[in-house]
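Colleague: I would like to learn how to read a few features of a protein model. Please take them one at a time.

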Amino acid sequence: MKNYSTDMTVGSPVKHLLLFAIPALIGNIFQQIYNLADSIIVGNFIGANALAAVGATASITFLFFALCNGISGGGGIIASQYYGAHDEDNVKKCIVNTGLIMLIFPIIFGAIGFVTAPNILKILATPENILKDATMYVRFMCIGLLFSSLYNFLAAILRALGDSKTPLYFLIVSTIINVILDILFVYSFNMGIMGAALATVLAQFASALSCGIYAYTKNPIFRIEKRNMVISGEMIRKVIKLGIPMSLQFAMIAVSSMAVQRIVNSYGTTVVAAFTATGRIEQFIHMPYQTLGASLATFSGQNYGARKFDRVYAGYRKALLIMAVITVVMLGVMQFFGGAITSLFISEPEVITLGKMGLRITSLFYITLGMIYVVRGVLTGVGDAFFALFNGIVEVIGRFTVPIFFTAYLGMGPKGIWVSSGIVWAISGFTAWLRYYYHLHKKICVTEESGKERVLGIFKEKGISH
């Protein structure tokens, strides 16, 4: 098991956070290359309208992915807690029951998305000239929802065991497959957007299948015995209790993103293309924060399961320092090279200018974006399901109100779209910090003499127990 899992309840918190986060970061980057490959190849080989069609679907596809993948995240946290407590039977039981949920949810939500795609796109005021292509792209993504959900489920469990490398290996292979098929279908076969969508679905299938086979053959925890093949209402309840708030959080963010997309669509194809390009770039910006938060969630989950609460707090403090370093680096990159990065997606000068402006604006708020992920990581790791839902509600309110205020009321036009994105991050980051401060930090004044005992006392006081 040592080759395929990591016990984070002993050793340096910084070492564990970085050794876990770096492979996960690389994996998430390759996962985003799925969409980036579509956007770059479509934008350069087909044109701005095609890029806009792909971009107009982002919030819709994210909604259906979010509804499924929050459950896998909840299952991963439960598995990490049992693994930290060295309870292998319950880890296996968690895998079985989470896997069952992850087979049912994607089929249901994928079917709903496939049928309702054209109506949702019309509600979002998608320009008529890209509506047909956008509908087709959404429907292909709904078909691939089962494969992406199964991969994310397997990856969540592997990461819960401290193994962030195995999912990476197969994701790299499937990403290479995606890029090759993108070029083949779009450029060589002239299949247009359909070719880009088909390439993504086939690559998702490859990642799910290969990761599943390898996990079963190499990691003993995935060799489920007959006594573990039990549908447990209690285990399903635990997974859903933690996973549903996470799903709802991301779903609400997706719905609120649709509201922003509607405003973006109202400014025409050029603004849609620029917003699509900056959105794809910012998916990369989220990656280091996201993987740091995921690393902290696994670290916190294992140590919470082992009742080493002092290490939970130590991990949070170290994660904040790592996040600050990441922010300084990415801020500099976006301020000085935002235009050059945008030009990778499109050649139209007007689109590049808008993208450069947008990246310079949003990069000023990266520190608050990082705060969201770090706080989410530690609270999710200790089982605070309410925070995910609460944070999602805050972001929904912000995305529905702030863009209208800046674009219409203040008359900032397209510029207000990117300003409002940064403001929403700031609001969410501040409320996340408040949640942490008043529920944990205010009473966890750790000293060298009594750190562990005082932290333990707070967890007992808050009713958090294993």
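Colleague: In which helix do K92 and E88 both lie, and how many residues apart are they?

Modeller: Some ground rules come first. This is a predicted model, in which local features need pLDDT of at least 70 and side-chain atom pairs count only at pLDDT 80 or more, while totals for chains, interfaces and linings use all residues. Residues are numbered from 1 along each chain as its sequence is written, and side-chain values use heavy atoms, with hydrogens and water left out. Helices are DSSP runs (H or I, at least four residues), numbered from the N terminus. K92 and E88 both lie in helix α4, residues 88-123, and are 4 residues apart, about one turn of the helix.

Colleague: Why does the spacing matter?

Modeller: An α-helix has 3.6 residues a turn, so residues three or four places apart point the same way. Here K92 and E88 form a salt bridge, with the closest N and O atoms 3.6 Å apart. The term means a side-chain nitrogen of Lys or Arg within 4 Å of a carboxyl oxygen of Asp or Glu.

Colleague: Which other residue forms a salt bridge with K92?

Modeller: E225 does, at 3.5 Å between the closest N and O atoms. E225 is in the loop between α8 (192-218) and α9 (233-265) and K92 is in α4, so this pair ties together parts that are 133 residues apart in sequence. E225 also meets R227 in a salt bridge of 2.9 Å, N to O. Through shared partners, salt bridges join E88, D89, K92, E225 and R227 into one network. The whole structure has 5 salt bridges.

Colleague: Is K92 buried or exposed?

Modeller: Relative accessible area decides (buried is under 20%, exposed over 50%, partly exposed in between, with a 1.4 Å probe and protein chains only). K92 has 3% relative accessibility, so K92 counts as buried. E88, at 39%, is partly exposed, and R227, at 53%, is exposed.

Colleague: How many residues of α6 are buried?

Modeller: In α6, 13 of the 16 residues are buried, so this helix is largely enclosed by the rest of the structure.

Colleague: Which residues of α5 and α6 meet?

Modeller: Contact means heavy atoms within 4.5 Å. M141, C142 and I143 in α5 meet L145, L146 and F147 in α6.

Colleague: With which residues is F65 in contact, leaving aside its neighbours within four places in sequence?

Modeller: With that exclusion, F65 is in contact with M141, L145, S148 and Q204. F65 belongs to helix α3, residues 58-84, and is buried at 18% relative accessible area.

Notes: Helices (H or I, at least four residues) and strands (E, at least two) are DSSP runs, numbered from the N terminus.
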